[in-house]
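Please look over the structure below. The report covers its ligand shells, its core and a set of paired strands.

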Amino acid sequence: MINLPTLPPINSAFLRAFITDAVRVRCGRTRDLRPLILTYFVTFRCDMRCTYCDYTDHGYAHRFKELESEGAREVLRICREGVPAVAFSGGEPLLRSDIVELVRYARTLGYRPISMFTNSLMLEEKQEVLEDIDYLQISLDTIDEELQDRLSGCRGAGRRIVNNIMRYAPLQKAKRFRLNINCVLSPANLDSVPELLRFAEETGVRFTFSPQLEADGQAATVLHDPDTRHRYQRAVAAILSHKRSTDVVLDILPFIRHVGNFQSGSCYPMLTPRVYPDGTLRFPCSIVCRSAPSVPELGSWRQVAMVLRKTPATCASPCLLPCYLEMSLLAEHPFALLQELT
Ligand code: SF4
Ligand code: SF4
């Protein structure tokens, strides 16, 4: 382990894999990349109904039944043989009754960093997760509480999320985790981005963002209207300016430039394999996944790795899905990660 002053401990296996991947990308050996982060969607249930979210609109929670605790532990155990870091995602991961135990289990397996993407509404009840989490990402699109309520489809959510961020931000040092807010840029919140950046700075948390996307991962049609596009570019310019003048913005510069122009890039989905609540492996990604074998049924990382290697990782229309795009850009621009570490 190395311990850096500004970041939680990073697994040396993660750094080794990252450096190896960056060299292989540079040499064009992109079929030999090593996975870096498992994105485990532990549930598609959610206690919010965000206007831009596909997972709730299309009844995902019914289509993809969650594994019981034992099955979820099996997914974590198998994938740890080949992946150094994990991100718990959803839906709302804190809705799982066993989430504290699953995160603790991930820690005992040696995953690091461990991240969680949450809307925070259940955080007080499940705050034990903070003992084992390195990065906590809370979704917040605006500090205008009424607007946030509308975007979340949930009355009172705006105030509760802002209060949670202010409550848990001061605990970062003592509990050894880093908190960031994640904002989805949609026509409704474009003009309030500077305020949100100021809030992040004053509260001592970091900031990430993505544009609103369609189900195929392309920028939402509503962002292409000329006036909205202009406002979008102004919001991204504010983010870029904060990136240059403060350490608030976590997204790397190449990512900000790409999404600022709605421009995708090379995609290396091997870096971030994702598993759905029912234990199925969605590779190369949820958009172009054709067959989805079950990780517990595959039974070992060796079998999972064979599926990853045999599945052609190509698509006709490269997208802006942030976890794929940003990790792929990091592999192409490894010094951007080093800048974050200094
Ligand atoms: S909190 Fe996340 S999963 Fe829940 S509705 Fe909003 S975007 Fe979707
Ligand atoms: S660019 Fe990557 S994440 Fe996007 S559709 Fe293609 S393979 Fe999937």
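## Ligand 2

The shell around ligand 2 holds 11 nonpolar residues, two polar ones and no charged ones. The model is predicted. In total, 13 residues lie around ligand 2. Nearest to the ligand are Cys267, Cys285, Cys315, Cys319 and Tyr324.

Tyr324 also belongs to the buried part of helix H14.

## Ligand 1

Ligand 1 is surrounded by 12 residues. Cys46, Met48, Cys50, Cys53 and Asn119 are the closest. By class, this shell splits into five nonpolar, five polar and two charged residues.

## The nonpolar core

The largest nonpolar core has 99 residues. Which of its residues touch the most other members? They are Val75, Val86 and Phe207. Helix H14, residues 322-332, gives the most to this core, with six residues. In soluble globular proteins, nonpolar side chains tend to be buried together.

H14 is mostly covered, with nine of its 11 residues buried. The buried set consists of Pro322, Tyr324, Leu325, Glu326, Met327, Ser328, Leu329, Leu330 and Ala331.

## Contacts of Phe207

Set aside the neighbours of Phe207 within four places in sequence. Its remaining contacts are Asn180, Ile181, Cys183, Leu197, Ala200, Val248, Val249 and Leu250. Among them, Asn180, Ile181 and Cys183 fall in strand E5, which spans residues 178-185. Leu197 and Ala200 fall in helix H9, residues 193-203.

Is E5 buried or exposed? Eight of its eight residues are buried. Arg178, Asn180, Asn182 and Val184 point one way from the strand. Leu179, Ile181, Cys183 and Leu185 point the other way. Both sets are buried.

E5 pairs with two strands. Strand E4, residues 135-139, runs parallel to E5 over five bridges. Within this pairing, Tyr135 has Arg178 of E5 as its bridge partner.

Definitions and conventions:
Residues numbered from 1 in each chain as written. Chains lettered and ligands numbered in written order. Predicted model: local features only at pLDDT ≥ 70, side-chain atom pairs only at ≥ 80, totals over all residues. Near = placed C-beta within 6 Å. Nonpolar A, V, L, I, M, F, W, Y, C, P; charged D, E, K, R; others polar. Core = buried A, V, L, I, M, F, W, Y, C linked by C-beta atoms within 7 Å. Buried ≥ 20, exposed ≤ 12 C-beta atoms within 10 Å, placed from the backbone. Helix = DSSP H or I, 4+ residues; strand = E, 2+ residues; numbered from the N terminus. Contact = placed C-beta atoms within 7 Å. Pairing = 2+ DSSP bridges. Right-handed = clockwise from strand over helix to strand, strands pointing away.
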